[in-house]
Amino acid sequence: MEPTTFVLFGATGDLAKRKIYPALYNLFIRGKLPAAFSVIGLGRREWSDDTLRANVEQSLRQFSRNKPEDAATLGRFLEAFRYCMLDIGREADYLRLLDLVKAREEELGIPENRLFYLSVGPEFFGTIADNIRLSGLGSGRGWKRLVIEKPFGHDLRSARELNRKLSESFAEDEIYRIDHYLGKPIVQRLETLQQENPVIQALWTNRYIANVQITANETVGVEERAGYYDRAGALRDMFQNHLLQLLMMAAIHLPHDSSSETVRFKKKRVMESLELLQKEDVGIHVVRGQYAAGSIGGKPVVGYTSEPGIAPDSRTETFIAARLHIDNNNWRGVPFYIRTGKRLKEKSTRIVVEFKEPVKHPRSPNGAEPNLLVIEIGPKESITLQLNTKESGLDGSFKPIHIDLHAVGENSPEAYENLIGDALAGDPTFFAHWDEVELSWQWVQPILDAFGEDLVPLHSYEAGGYGPAESDALLARDGFHWWFDD
Ligand code: BG6
């Protein structure tokens, strides 16, 4: 891996503390960081290098999956860190930053390879990208990369505007848009599941599959993010990005040894084939809900509009379920159901592929369950195939058996570790390309419009369940049900 300077905007922030420092440390101890590596942390606070290092150490002790045990190893890791005070809007600060970056590059004798990680609000992305260009930070003799977090825009128009702005300073192949769902270990293995298993590859079509269900249920409520969440809602917060990415990953067909270009090209094709909804029809295919008071794990919780910072008349959705159709030869006729919500019974992110019903045999009235491929993405991680066998005994009833295709060991790398490692190595496979982001917003836009104009009812659901009853009705109309809701 090439020597790199990792320039971190938002070094004093929460994401850096919880995710970025632990990810860097785990990469370091696994030998996955470049041999010569320097980190420049940026923030508005008056910190010294030592304050930054003390904060990094503290974050590792609290959040890292491998705690720092060996003082010498920790010392070598922390030695790479420098701090620079920076006001995002002040051009002169970027010149000071450039001096520091260059001084470190000379000190370490490394090329001018610079990775700019923007762990700050999206309203700052444009200004930072401009100032990187204007200060000369972005015109070194090595490569440059820009890593940004979601949200990428608030709707189709603002996403396009943001992309236009960023593209004045960075080329598309220099922009790494993080969607942490693409960093999850099981999601990264979905391609192998198909590519290396001809049996699964052969079944991956509308000939054998009845429907696909993608669920991302959460028990948490709005937490301390009322200001952000009430403007976003479940559609922008989870659906436009994470869940449509899971849909793309589940629906692509990948030939053996696919390159990152192939993966991204195929994902784009899936999005292009997604049937667009008309604003007036959104209510037929989409259910929106908002949690009311209830109880989770035996503890009472308040309703969304009683949460601190949320207006009592807020119409923001905390739940969404939708039926999507991919109009191509592989998937025509197979509904994809997607749902996500807060304050539901359990935390669970999974994809269930339901195969077509077995042909009923007149002499076996106790019908078998359909075969299922269940991909548990989090918090449990596993891939299982549910098949039927006959119970020994006289009544001849069927019994489902589970074949464990893949269980991930404990202490596997976290999403951020995978993604930061990929960004450092220059591998864009698991980052969202602009085409995917734009097509996702395009698909979501009529829903945003319909919600904005109140064309779709907002159903209240009791905290601690599986969302509004209308979400079950959405599948029942097609003769299906959500799997694993008890
Ligand atoms: C974030 C959303 O992107 O993903 C949060 O902003 C959500 O609202 C989180 O809770 C869920 O991520 P995970 O990895 O816990 O499923």
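Reader: Which strand do 4 bridges join to β8, and in what sense do the two run?

Author: Strand β11 (residues 319–325) is joined to β8 by 4 bridges, and the two run antiparallel. Strands here are DSSP runs of E, at least two residues, numbered from the N terminus, and two strands pair if DSSP finds at least two bridges between them. This is a predicted model, in which local features need pLDDT of at least 70 and side-chain atom pairs count only at pLDDT 80 or more, while totals for chains, interfaces and linings use all residues. Residues are numbered from 1 along each chain as its sequence is written, and side-chain values use heavy atoms, with hydrogens and water left out.

Reader: What is the bridge partner of Val286 in β11?

Author: Val286 has Ala322 as its bridge partner there.

Reader: And how does β8 pair with β17?

Author: The pairing with β17 (residues 458–462) is parallel, over 5 bridges. Within it, Gly289 is partnered with His459.

Reader: Why is β8 described as largely enclosed?

Author: Strand β8 (residues 286–292) has 6 of its 7 residues buried, so the rest of the structure largely encloses it. Buried means under 20% relative accessible area, with a 1.4 Å probe and protein chains only.

Reader: Turning to the ligand, which side chain has an N or O atom 2.5 Å from a ligand oxygen atom?

Author: That is Tyr181. For Asp237, the corresponding distance to an oxygen atom of the ligand is 2.6 Å, and for a polar side-chain atom of Lys347 it is 2.8 Å.

Reader: How much of the ligand's accessible area does the protein cover?

Author: Of the 400 Å² that the ligand has on its own, the protein covers 79%, by the Shrake-Rupley method with a 1.4 Å probe.

Technical notes
Polar contact = N/O pair within 3.5 Å; in protein donor to acceptor, adjacent residues only side chain to side chain. Buried < 20%, exposed > 50% of the residue type's maximum accessible area, 1.4 Å probe, protein only.
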